[in-house]
Amino acid sequence: MISTKTLIAAWLALTVAGCGANPTPQPTETAPEPTTGPAPAPTALPSESRFPQSFRALGTEPFWAVHVSEGKLRYMTPEDQEGRQIDIQREQTEGDELALTGTLEDEALTLSVTVEPCSDGMSDRNYPFAATLRLGEATLNGCARPTEP
């Protein structure tokens with residue numbers, strides 16, 4: 001029969017022998033080559049835009065409203081509640097500002113929308129966007145909200 005001392009000695013020998021074994025080398029990752037200059041800033045994809053495709057903007061004193069949908073803008077006033085619709089160009093700037101531009105009756109129209117809380121000044125309603133409408137020489141301030149569900 002094998003003695004307990006012999007079993008312990010054999011176990012110790014196997015354990016010590018296993019400690020010196022070289023494991024299979026694992027592949028190492030190579031470090032990326034250094035680049036010169038700052039990394040380019042990430043660009044938001046259209047699906048990542050902070051601005052909805054459809055929204056309404058409005059202002060008070062003087063009263064005005066704009067509905068934006070499907071590449072078109074409808075400008076309305078209390079005197080012209082039906083409004084006038086124009087085609088627009090849509091551009092999101094680097095400063096998280098949406099600029100919509102077009103021409104309304106031979107006057108340049110630009111609607112700028114920024115992500116910032118806004119109040120229309122007359123109601124208790126809060127809006128997620130501030131809006132500035134430039135129509136010809138006039139600059140009108142207001143607020144905007146999405147119309148998408």
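A residue is called buried when its relative accessible area is under 20%, exposed when over 50%, and partly exposed in between (1.4 Å probe, protein chains only). This is a predicted model, in which local features need pLDDT of at least 70 and side-chain atom pairs count only at pLDDT 80 or more, while totals for chains, interfaces and linings use all residues. Residues are numbered from 1 along each chain as its sequence is written, and side-chain values use heavy atoms, with hydrogens and water left out.

By the definition above, F51 and F129 are both buried. Rings of Phe, Tyr and Trp (its six-membered ring) are paired if their centres lie within 6.5 Å, and the planes count as stacked under 30 degrees apart, edge-to-face over 60 and tilted for the rest. The count comes to 1 aromatic pair. F51 and F129 form this tilted pair, with 5.7 Å centre to centre and 35° between the planes. Because F51 lies in the loop between helix 1 (4–19) and strand 1 (55–59) and F129 in strand 8 (residues 126–135), the pair ties together parts that are 78 residues apart in sequence. Helices (H or I, at least four residues) and strands (E, at least two) are DSSP runs, numbered from the N terminus.

A disulfide, defined as a pair of cysteine sulfur atoms within 2.5 Å, joins C118 to C143, with S to S 2.0 Å. The link of C118 and C143 is left-handed, with -65° about the S-S bond. C118 lies in strand 7 (residues 107–119) and C143 in strand 9 (residues 138–146), so the pair ties together parts that are 25 residues apart in sequence. Both C118 and C143 are buried.
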